[in-house]
Amino acid sequence: IGLTCRLDVVELLEKRVKSRFSHQQINLFSRMSFEAYTEVFRNCLKISPRTISDANYRSSWNSNLEKLLKDSRVIKILRHLYDISTDIRTLHNLLAFPVAKLSADHPLIAAEDLVESAREMAEETKPRILKDISVLELCLLISMSHLTENLDGEPFDFEMVYEGFRKFAFK
C-alpha cells in the first residue's frame, strides 16, 4: 500500500517493482480551487495582531502581501504550483526561502524573492537526483543522452544504451 500526492507515481517505479504492482489505484483529488489555494498562501503569510504587536509593521506587511497577490508574476508561480500539486507542503517550500531571507534591511517579501524561490525549486530537482546515482548509472544516462541526440527522438532499447556505454567505457 502506498500513499502519495503525485499522479505519475507509477511511472516513477522501478521496472521490477512496476511488474509486481497490481495497478489498482484510488485517486483522491483535492477539491481545493485556485482561489482557495491563494487564500492558503495569504493565510500562511498574513500577520495577525496576536503575532506581532507593532501595528505599523503589521500593516505594511499585510498591505505588501495584498500587493504580492495582485502581482502577475506571483499569480503565475502560484498557478504553476497549483497545476502541479495542491499539496500545501510545496507552497511552504516556496515560502521558506523568501521568509528566511527577511532581515532589518529587507523587511518585506518581494515578488522577486518568490520568483527566485520558484526557480530554485525547479532547478534543485535534477542535481538532487543526480547526486545519489552511481558512476555506472551516470554513464548509462550519458549513453541515453547521446542516443536521444543521435536518433532524433526515435525509440531505443537497453541493448543500444549498453552498447553506447561499452564504447564509452572501453575507449
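This is a predicted model: local features need pLDDT of at least 70, side-chain atom pairs count only at pLDDT 80 or more; totals for chains, interfaces and linings use all residues.

**Helix packing and selected residues**

Helix 3 and helix 4 cross in a right-handed sense.

**Helix 3 with helix 4**

- Helix 3, which spans residues 34–45, packs against helix 4, residues 55–68, at an angle of about 160°, and the axes of the two helices lie 10 Å apart.
- Because an angle over 145 degrees counts as roughly antiparallel, helix 3 is described as roughly antiparallel to helix 4.
- On the helix 3 side the meeting residues are F41, R42 and L45, and on the helix 4 side they are W61, L65 and E66.
- Sorted by class, the residues in this contact of helix 3 with helix 4 comprise four nonpolar and two charged residues, with no polar ones.

**Helix 3 with helix 5**

- Helix 3 also packs with helix 5, residues 72–84, where the two axes come within 10 Å and cross at roughly 115°.
- Since angles of 65 to 115 degrees count as roughly perpendicular, helix 3 and helix 5 are roughly perpendicular to each other.
- The crossing in which helix 3 passes helix 5 is right-handed.
- Helix 3 contributes F34, Y37, T38 and F41 to this contact, while helix 5 contributes V74, I75, L78, R79, L81 and Y82.
- The contact of helix 3 with helix 5 is made up, by class, of eight nonpolar residues, one polar residue and one charged residue.
- F41 of helix 3 is listed in the contact with helix 4 and is listed again in the contact with helix 5.

**Helix 5 with helix 6**

- Helix 5 packs with helix 6, residues 88–100, at an angle of about 145°, and their axes are 10 Å apart.
- The crossing of this pair, helix 5 and helix 6, is right-handed.
- I77, L78 and L81 of helix 5 meet T90, L91 and L94 of helix 6, and by class this contact of helix 5 with helix 6 has five nonpolar residues, one polar residue and no charged residues.

**Cysteines**

- When the whole structure is searched for disulfides, zero are found.
- C44 is partly exposed, having a relative accessible area of 33%, whereas C139 is buried, with a relative accessible area of 14%.

**F156**

- F156 is placed in the loop between helix 9 (135–150) and helix 10 (158–169).
- With a relative accessibility of 30%, F156 counts as partly exposed.
- Once neighbours within four places in sequence are left aside, F156 is in contact with M144, L147, T148, L151 and V161.
- F156 and S103 are 53 residues apart along the chain, and their C-alpha atoms are separated by 52 Å.

**K18**

- K18 is found in helix 2, which covers residues 15–20, and its relative accessibility of 29% makes K18 count as partly exposed.
- Not counting residues up to four places away in sequence, K18 touches V10, E11, L13 and H23.
- The C-alpha atom of K18 is separated by 49 Å from that of W61, a residue 43 residues apart from K18 along the chain, and W61 itself belongs to the helix 4 side of the contact with helix 3.

Conventions:
Residues are numbered from 1 along each chain as its sequence is written. Side-chain values use heavy atoms; hydrogens and water are left out. Axes are lines fitted to C-alpha atoms, for helices over the stretch in contact, and angles run from 0 to 180 degrees between N-to-C directions. Helices (H or I, at least four residues) and strands (E, at least two) are DSSP runs, numbered from the N terminus. Angles under 35 degrees count as roughly parallel, over 145 as roughly antiparallel, 65 to 115 as roughly perpendicular and the rest as oblique. A crossing is left-handed if the near helix is turned anticlockwise from the far one by less than a right angle, and right-handed if clockwise. Contact means heavy atoms within 4.5 Å. Ala, Val, Leu, Ile, Met, Phe, Trp, Tyr, Cys and Pro count as nonpolar, Asp, Glu, Lys and Arg as charged, and the others, Gly among them, as polar. A disulfide is a pair of cysteine sulfur atoms within 2.5 Å. Buried means under 20% relative accessible area, exposed over 50%, partly exposed in between (1.4 Å probe, protein chains only).
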